[in-house]
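Please keep the sequence and the structure in view while reading.

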Amino acid sequence: CLASYVSTKRGIGWPVAAMTEVTDDQKKAVILDSIRGVPDFPKKGILFWDVTTILLNPTAFQYTVDLFAKKYRDAKIDVVAGFEARGLIFGAPLALALKCAFVPLRKPGKLPGATVSEEYATEYSTDKIEMHADHVTSGQRVLLVDDLIATGGTLNAGIKLIEKVGAEVVEAACVIELPFLKGRDKIQGTKLHVLVEKEGL
């Protein structure tokens, strides 16, 4: 067995422990280190946590998918539903890992077929999400995936959207949680799983 390596955001690797696997906590540390904070975006005074920098580090990206897959591989998920935009990035490879369907939850006007929709308020504005009306069916077990939970408005809308077609939301999964915004309170009744936590918005 080769030594396991942790890659930093600079692309340098150090052996974690010879002859052993990287632990889940070590994987989460790599993910956390790969997320950059962007000040004053999209508004002055806001610290925006940018998960796209995870994609620059293939190790961190792989760990993100692997940790989610480990959590849900025995959950009998029928559909992974990912939110536009960054939830699509993490949701699609997770669906492949779980060998289940993937359904995108898109902003208005992006889907060509008949859709169902749900409006919601974000920390910045109001918005709406849509999905194809026939892509999730009654009784299916659905896992919602997004990059981040802040106020919980987006996830809450996704829950209502899935329930609108008679499917079951098994759980919601996010890479990052901002606990001080208490987004969990808005999705009470639905379990939430996050990989890492960050402070600041």
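Accessible areas here come from the Shrake-Rupley method with a 1.4 Å probe. On that basis the protein chain has an accessible surface of about 10300 Å², and carbon and sulfur atoms contribute 52% of this surface. The model is predicted, and the values below are computed from it.

**Overall fold**

- The protein chain contains 4 helices together with 11 strands.
- Of the 201 residues in the protein chain, 44% are buried, a class that requires a relative accessible area under 20%.

**Aromatic pairs**

- How many aromatic pairs does the rule give? The count comes to 2 aromatic pairs.
- One of them joins Phe41 and Phe48, whose ring centres are 5.2 Å apart and whose planes meet at 80°, so this pair is edge-to-face, the class for planes over 60 degrees apart.
- Within this pair, Phe41 is partly exposed because its relative accessibility is 43%, which lies between the 20% and 50% limits, whereas Phe48, at 15% relative accessibility, counts as buried.
- Phe61 and Phe90 also form an aromatic pair, again edge-to-face, with 5.8 Å from centre to centre and 90° between the planes.
- This pair of Phe61 and Phe90 links distant parts of the chain, since Phe61 belongs to helix α2 (residues 58–72) and Phe90 to helix α3 (residues 86–98), and the two are 29 residues apart.
- Are Phe61 and Phe90 buried or partly exposed? Phe61 has a relative accessibility of 24% and therefore counts as partly exposed, while Phe90, with a relative accessible area of 1%, is buried.

**A charge over a ring**

- The charged end of Lys198 is placed over the ring of Trp49, at 4.2 Å from the centre of that ring.

**Cysteines**

- A disulfide is a covalent bond between the sulfur atoms of two cysteines.
- In this model the count of disulfides comes to 0, by a rule that asks for a pair of cysteine sulfur atoms within 2.5 Å.
- Cys100 is buried because its relative accessible area of 18% falls under the 20% limit.
- Cys174 is likewise buried, with a relative accessible area of 0%.

Note on methods: Residues numbered from 1 in each chain as written. Predicted model: local features only at pLDDT ≥ 70, side-chain atom pairs only at ≥ 80, totals over all residues. Heavy atoms only, no water. Buried < 20%, exposed > 50% of the residue type's maximum accessible area, 1.4 Å probe, protein only. Phe/Tyr/Trp six-rings, centres within 6.5 Å; stacked < 30°, edge-to-face > 60°. Lys NZ or Arg CZ within 6 Å of the ring centre and 35° of its normal.
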